[in-house]
Amino acid sequence: MADKRAESVNSDSDSTDDVVVGNVNKFAVVPSGYTGKPKKGHLIFDACFECGNLGRVDYISELEYDLFIRPDTCNPRFRVWFNYTVENVRTDQRIIFNIVNFSKTKSLYREGMTPLVKSTSRPKWTRIPAKNVYYYRCPDHRKNYVMSFAFCFDREEDVYQFSYCYPYSYSKLQNYLDNLEKKNFKFFNRELLSLTVQQRRLDLITIAQPQDKKQEPCEEKQRIIFITARVHPGETPSSFVCQGIIDFLVSNHPIAKVLRENLVFKIIPMLNPDGVYLGNYRCSLMGFDLNRHWQEPSPWAHPTLYAAKNLLMGLDRDPKVNLEFYIDIHAHSTLMNGFMYGNIYEDLDRLERHSIFPKLLCGNAEDFSMTNTNFNRDAMKAGTGRRTLGGCLDESAHCYTLEVSFYSYQTSTASQFMPYTEEGYMKLGRNVARTFLDFYKMTGYISSKPSSSIVPKPYNIGSRDRAGDNNSESGVKNLYDDPYYTR
């Protein structure tokens, strides 16, 4: 069947815009007219796995293949994310892959971004060298933009995987949260907020120091920080940033302890689990861009959004709490660095207060850009979480979109752009978390003097250990200089 499909596709040179439905499944691409079992070097493509996306492959020659991204389910407008494997390769086989049906013309490929690759014997993602990648208008594809890259396979037994950006799957999140639950932290709680259309979990994480039952109830309102990520399923960097926030908040770091003692963090790490699982770029299973439906989410069409907004509005009405921050994490396909979008308010005092957190974050994170940070009321963004909640929550709430580049960042001291890694994204998340201490010290809610609970002690984040052994009174300030968390 594979050779017949390749032959039928190539028999019509004008069919480049044919509808692409479904992912290729162990699809062996062979020359037209070839019969029999695929030989070594007849590439086998597959995208029928979680987060996979490749809808069609055209055999151009022994050295060249045209690849078509599968559009988001129920929405042909969005074709950006790709994630597929290639096997049955021949040692030293040189190939040119052309990804021919991107839905966006503006792209970081213009700025030097390249696809990622790994293989079974080398499981760490690496970027294909920029000298092997070309982004250009192609006359063979109606002058649409095409991204071509040359690649040489070097190990016959390996399966190679290519991706638009570092994948972060629904299963990866579930395993991560399962492992956190097993640690039985008293300050960590995981609950099922809702189920998706395809019955996947919408997880809600709460991180806060539980109140001692022996103590008298505190009359002061709880201050809540609400964070969401991955409403756009192809924006995988947002999940790494979100994991960095969670990793820091559950750590033994002295700053994390202070934050847990004074604040309540509620986090939805993945707002669009179905879209993530299916390998969509922008939409849910039913083809909705969920970040345009915050104004009136439907319980049947947008169940995760409906549950999240109900929770947020309930917290806003609760007289026992102050919902003070809502931050929605995204990834950006045309700009560099991390940056924020905020709202514009006619109350100048409120607008000035709204600008404080991004400025503090810029001081903590070398990859954060105030130049790209923007406060607006763009009509095109009216249905987003930032705009909708900024208009209906209490005026004390700060609502932001946190963006991070799919590709790279530039620091104030470097002339070249530095490509992001998975660790780089998580580091931005850690710096976001610790910036809340700076904010609440500035407002006077948290004392600037370290309490007994924030005397530096050994702490562990992920796979990297750092010990704070400074016993001076300025322990917290010195911890700000830790290069693992700051510049």
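**Cavities, a pocket and a helix pair**

Colleague: Start with the second largest cavity. How does its lining divide by class?

Modeller: It has four nonpolar, two polar and two charged residues. Ala, Val, Leu, Ile, Met, Phe, Trp, Tyr, Cys and Pro count as nonpolar, Asp, Glu, Lys and Arg as charged, and the others, Gly among them, as polar. This is a predicted model: local features need pLDDT of at least 70, side-chain atom pairs count only at pLDDT 80 or more, and totals for chains, interfaces and linings use all residues. Residues are numbered from 1 along each chain as its sequence is written, and side-chain values use heavy atoms, with hydrogens and water left out.

Colleague: Which residues line that second largest cavity?

Modeller: Val80, Phe102, Lys104, Lys106, Ser107, Tyr109, Tyr164 and Ser333. The volume is about 60 Å³. A cavity is a set of points, on a 1 Å grid over the protein atoms alone, where a 1.4 Å probe fits but cannot get out; lining residues have an atom within 4 Å of a point. Grid points are joined across faces, edges and corners, and a volume is the space filled by probe spheres set on the points.

Colleague: Now the largest pocket. What is its volume?

Modeller: About 790 Å³. Of its 28 lining residues, Lys104, His232, Arg282, Arg292 and Lys381 are the closest to the centre. A pocket is an open set of points with protein on both sides within 12 Å along at least five of seven lines.

Colleague: How does that lining divide by class?

Modeller: Into five nonpolar, twelve polar and eleven charged. Strand E16 (321-332) gives the most, with three residues.

Colleague: Switching topic. At what angle do H3 and H10 pack?

Modeller: About 50 degrees, with the axes of H3 (residues 237-249) and H10 (residues 422-442) 7 Å apart. Axes are lines fitted to C-alpha atoms, for helices over the stretch in contact, and angles run from 0 to 180 degrees between N-to-C directions. Helices (H or I, at least four residues) and strands (E, at least two) are DSSP runs, numbered from the N terminus.

Colleague: Which residues make the contact?

Modeller: Among them are Phe240 and Phe248 of H3, and Tyr425 and Met426 of H10. Contact means heavy atoms within 4.5 Å. By class, the contact has eleven nonpolar, three polar and four charged residues.
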